Amino acid sequence: MKWNEVIHESNSGLVTRHALDWESLAEQILHRGGSPEAVIDRLMELEIAVPSWGVCTGGTRFGRFPGPGEPRNVFEKLEDVQAIHLLTGSTPRVSLHIPWDRIDRLHDLKYHADSLGLGFDAVNSNTFEDQQGQPVSYKFGSLSHTDKAVRDLAVQHNIEVIEVGKALGSRALSIWIADGSSYPGQSHFRRAFERALDSYRRIYEALPSDWRVFIEHKPFEPACYSTVVADWGISYVIASALGKKAACLVDLGHTPIGGNVEQTVAMLIQARKLAGFHFNDCKYADDDLTAGSINPYQLFLVFVELVLAAEEGVPDFDPAYLIDQSHNVKDPLEDLVQTVGNLQSAYARALLVDREALARYQESNDVLMAELTLQEAFQTDVRPLIAEARRRKGAALNPLAAFRASGYRSLKAKERPQSEKTSGTFQ
Ligand SMILES: [Mn+2]
């Protein structure tokens with residue numbers, strides 16, 4: 001696929017209209033006392049990692065309906081991530097999942113990624129399902145299991161994942177443990193926590209000095225009654241106990257309904273323990289829907305906290321932006337392109353907030369004007385702004401239109417007959 005030609009062709013039909021829209025928006029921003037060029041510069045720096053499992057169709061508890069042309073191995077997954085990157089200009093790295101992406105030829109994989117212009121973000125371990133031939137089972141937990149042999153296996157797996165990441169140039173390990181209990185009485189909360197912390201410590205010791213480890217919390221699922229790392233308080237306790245290389249990852253679907261995610265983000269920034277994000281959206285539970293599809297205002301408010309922290313120069317503030325979604329009914333690539341657009345849009349709107357005015361209204365307790373200051377930015381149609389940022393990076397003015405016009409999916413449907421089980425599906 002000659003993406004340069006596809007993008008050029010698509011952009012040439014849109015650029016005249018775009019120039020008018022961009023000029024009008026830039027004028028509007030200037031009139032409000034903002035700097036359109038400063039916003040564009042920041043927006044062009046936004047980098048989001050695509051999870052390798054995201055380019056495949058996800059599944060639900062009820063079933064999975066794979067689409068045509070899905071990648072059959074990690075090499076093909078990288079091709080798809082490259083397509084998203086060239087169209088959106090914002091996804092230069094992929095986040096692998098071991099064992100779903102396990103291969104022996106790591107050198108070849110690194111070479112393949114280099115040739116596609118891609119790098120590797122956080123590597124993900126998996127101790128939530130048993131692998132073939134595994135000597136002991138994760139059925140009743142992994143890092144917190146009552147049996148030391150199971151804990152040893154889970155620790156060893158994480159160390160192996162670090163080794164994979166080192167060979168590929170990753171600099172972070174992301175751990176989600178599924179440990180927990182489904183019924184009251186099943187687990188001794190404090191002892192399970194102590195065992196988990198001890199396992200985390202052993203993994204932490206194996207971490208290279210320039211690496212970080214992301215501790216992800218989740219209130220339920222697969223365990224239904226309790227999880228060992230249920231909320232950001234527990235993940236903060238773990239990250240603090242481990243040390244400077246450990247921090248807390250916020251998956252936007254892992255806050256109970258009604259929870260204030262943006263405040264959690266602000267508090268983790270304040271504590272110097274925000275590792276980054278798993279972006280997605282939800283309506284009822286951990287739905288892993290397209291980021292910004294259900295609650296775009298919340299996504300905007302999260303980005304407002306990030307913009308404020310960056311502007312205030314908070315020390316150690318370097319959040320990783322990762323997507324964690326399950327694409328069940330949309331084409332996974334289209335969904336990811338849409339997701340990146342929604343993230344660019346939330347970020348652009350947050351950058352448009354008049355921070356001086358907001359601070360002034362907060363100090364004088366002018367509640368209405370403080371809220372309106374946020375809403376003025378949120379209600380701005382930033383589509384010309386993000387299109388302009390993409391255009392300047394050589395990406396598509398309208399990435400979804402360019403993708404559909406490319407014929408990529410039908411080409412891949414021919415190239416990738418689904419004779420084998422697609423690896424890396426997400427439940
Ligand atoms: Mn996640």
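This is a predicted model: local features need pLDDT of at least 70, side-chain atom pairs count only at pLDDT 80 or more; totals for chains, interfaces and linings use all residues.
**View 1. Helix α12 meets helix α13.** Here we look at α12 (residues 355–363) and α13 (residues 367–378), whose axes come within 8 Å and cross at roughly 160°. Angles over 145 degrees count as roughly antiparallel, and α12 and α13 are therefore roughly antiparallel to each other. Their crossing is left-handed. On the α12 side, the contact is made by Ala357, Leu358, Tyr361 and Gln362, while α13 brings in Met369, Ala370 and Thr373. Sorted by class, the contact of α12 with α13 has five nonpolar residues, two polar ones and no charged ones.

**View 2. Helix α7 packs against helix α8.** In this view, α7 (residues 189–205) and α8 (residues 232–242) pack at an angle of about 45°, and their axes are 10 Å apart. The two helices are therefore oblique to each other. The crossing of α7 and α8 is right-handed. Look for Leu197, Tyr200, Arg201 and Tyr204 of α7, which make the contact with Ile238, Ala241 and Leu242 of α8. This contact of α7 with α8 divides into six nonpolar residues, no polar residues and one charged residue.

View 3. Which residues of helix α3 (residues 36–44) are buried? They are Val39, Ile40 and Leu43. Seen down the axis of α3, these buried residues fall within an arc of 100°, so they line one face of the helix. Their packing partners are α2 (15–31), α11 (332–351) and α14 (383–392). Turn to the other side of α3 and you will find Glu37 and Ala38, which are exposed.

Note on methods: Residues are numbered from 1 along each chain as its sequence is written. Axes are lines fitted to C-alpha atoms, for helices over the stretch in contact, and angles run from 0 to 180 degrees between N-to-C directions. Helices (H or I, at least four residues) and strands (E, at least two) are DSSP runs, numbered from the N terminus. Angles under 35 degrees count as roughly parallel, over 145 as roughly antiparallel, 65 to 115 as roughly perpendicular and the rest as oblique. A crossing is left-handed if the near helix is turned anticlockwise from the far one by less than a right angle, and right-handed if clockwise. Two residues are in contact if their C-beta atoms, placed from the backbone, lie within 7 Å. Ala, Val, Leu, Ile, Met, Phe, Trp, Tyr, Cys and Pro count as nonpolar, Asp, Glu, Lys and Arg as charged, and the others, Gly among them, as polar. A residue is buried if 20 or more other C-beta atoms lie within 10 Å of its own, exposed if 12 or fewer, and partly exposed in between; C-beta atoms are placed from the backbone. The arc is that of the directions from the helix axis to the C-beta atoms.
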